[in-house]
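Open the model in your viewer and keep the sequence panel beside it.

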Amino acid sequence: APTFLWGGRFTEAIDDLMFQFNESLSFDKVLYKADIHGSITWAKALHKLNILNDEELNQVVTGLQQVEKEWEEGKFVIDTKSDEDIHTANERRLGEIIGAAAGKLHTGRSRNEQVGVDMRLWAGEQLDQLAAILKDVLATTAAKAKDHLPVLMPGYTHLQRAQPVRFSHWLLSHATFLIGDLNRLQGVQERTSACPLGVGALAGNPFGIDREFMAKDLGFKSVHPNSLCAVADRDFVVDILQWASLLMAHLSRLSEDLILFSTAEFGFVQVADAYSTGSSLMPQKKNPDSLELIRGKAGRVMGQSTGFLSSLKSLPTSYNKDLQESVEPLIDCIKTVSQCLRITQGVLATLKVYPEKMKAALTDDMLATDVADYLVRKGVPFRQTHHIAGAIVRKGEEAGLPISKLSVKDLKEISPLFEDDIAEVFDFERSVEQRSTLGGTSSSSVLAQIASIEKLLSQQ
Ligand code: ARG
């Protein structure tokens, strides 16, 4: 029977299926680097306590560096009968390389703290990368908005034509959600960066290990303050999954808009060939699969979030093996989010925009609010002007004319306050430019939004 690091009190071999069921190396091997770095720091802390002498520390560190190199070069040979997880695999291999000194490395340490360190280190690095990609998406969005500043399109509520807006303003509405995600990410990064090393299996460390030193050595922002909590704590995973769920909801909503806008019925945009696929049957088809996959994968990430939280909710104090169920969703979620962000960036950067199609979709009735506002400026209370403008829309419908084609005489029948200058109101560009307060759709407001994104990106 294979010998396990924990096998002293066992007399029988583990069941084959149980081994498969229990092992995590097949997925937690991505943590190899974090595991090795955590062990090097641990060895240094043991050396400070004279548990490892100079010679032993040197052996452990060089040995671990060799193990890291083997992983990096794809030369690490997994023992499929005994390597249970990344921690046992690395320690087993270290023993083969350096012999006896390897047996001292795990002094006072538990895999319960080790897995927490590994996951937090790995996730911290991944989150830094996600922040960088998210900034790329924002930069692309801002650039696209700048390039298309003159383009007007219908703005919708309830998917019904509402008021004209700038295409750039619509784009920036999605960027604004993503800025929220970027801001929230900082808090997630902060909370992920708490070091559990030195808490033992659950009760703490009996050798006086220097926890501050280890946290600092590994680049953590803080030291986890309670040993029982530290080995039980996967809140950072929930944090990441929930953060990712909301981010994915945002990417999914952007995708949904773009899928709709790229239909022949709208024709506002076209997704580049590079981000589309065809049909095996219908030769004419070009499908926005990139965006549909993002929309679909949002459900996957939300499921991971709910799924792991359900695993967590009834666990008794400290470490339980259920916690291993946090590893796969974490890894998969980060991969999914990273892919979705990069695909979003590519889709936006290459998106074809059809300003004429958008312009053609603008209809005069979308200026009914502006007609009401015209009378407001003449002192009529808005509730009355709303009613009057509504009557004009009805009159236009009855006459089969756009409201801009009704004569001033027709309009005066509804309100005597209409004058020839009402003609100026029937101008989409004017309507958009009137909305020039902070956050509005006028060009100055849109440029201010772009500038604030550019400022945000240059600061961080
Ligand atoms: N693979 C385990 C996990 O992900 C590592 C910790 C194992 N600890 C233990 N006492 N069995 O949680």
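Helices here are DSSP runs of H or I with at least four residues, numbered from the N terminus. The model is a predicted one.

**Stop 1: the ligand shell.** Select the ligand, then Ser24, Asp28, Asp85, Arg111, Asn112, Val115, Tyr319, Lys321, Leu323, Gln324 and Val327, which surround the ligand. By residue type, this shell splits into four nonpolar, three polar and four charged.

**Stop 2: where the shell comes from.** Which helix gives the most residues to the shell around the ligand? Select residues 111-147: this is helix α6, and the helix contributes three. Now colour domain 1 (7-107) and domain 2 (112-360) separately; each supplies at least three residues to the shell.

**Stop 3: Asn50.** Move to the loop between α3 (32-48) and α4 (54-72), where Asn50 sits. Asn50 is not a glycine, yet its phi is positive, at about 60 degrees. Is Asn50 buried or exposed? Asn50 counts as exposed because it has 8 C-beta neighbours inside 10 Å.

**Stop 4: Ser318.** Ser318 is another residue other than glycine with a positive phi, here near 65 degrees. The class of partly exposed lies between the exposed limit of 12 and the buried limit of 20. Ser318 has 18 C-beta neighbours inside 10 Å, so it counts as partly exposed.

Conventions: Residues numbered from 1 in each chain as written. Predicted model: local features only at pLDDT ≥ 70, side-chain atom pairs only at ≥ 80, totals over all residues. Near = placed C-beta within 6 Å. Helix = DSSP H or I, 4+ residues; strand = E, 2+ residues; numbered from the N terminus. Nonpolar A, V, L, I, M, F, W, Y, C, P; charged D, E, K, R; others polar. Domains from an automatic or database assignment.
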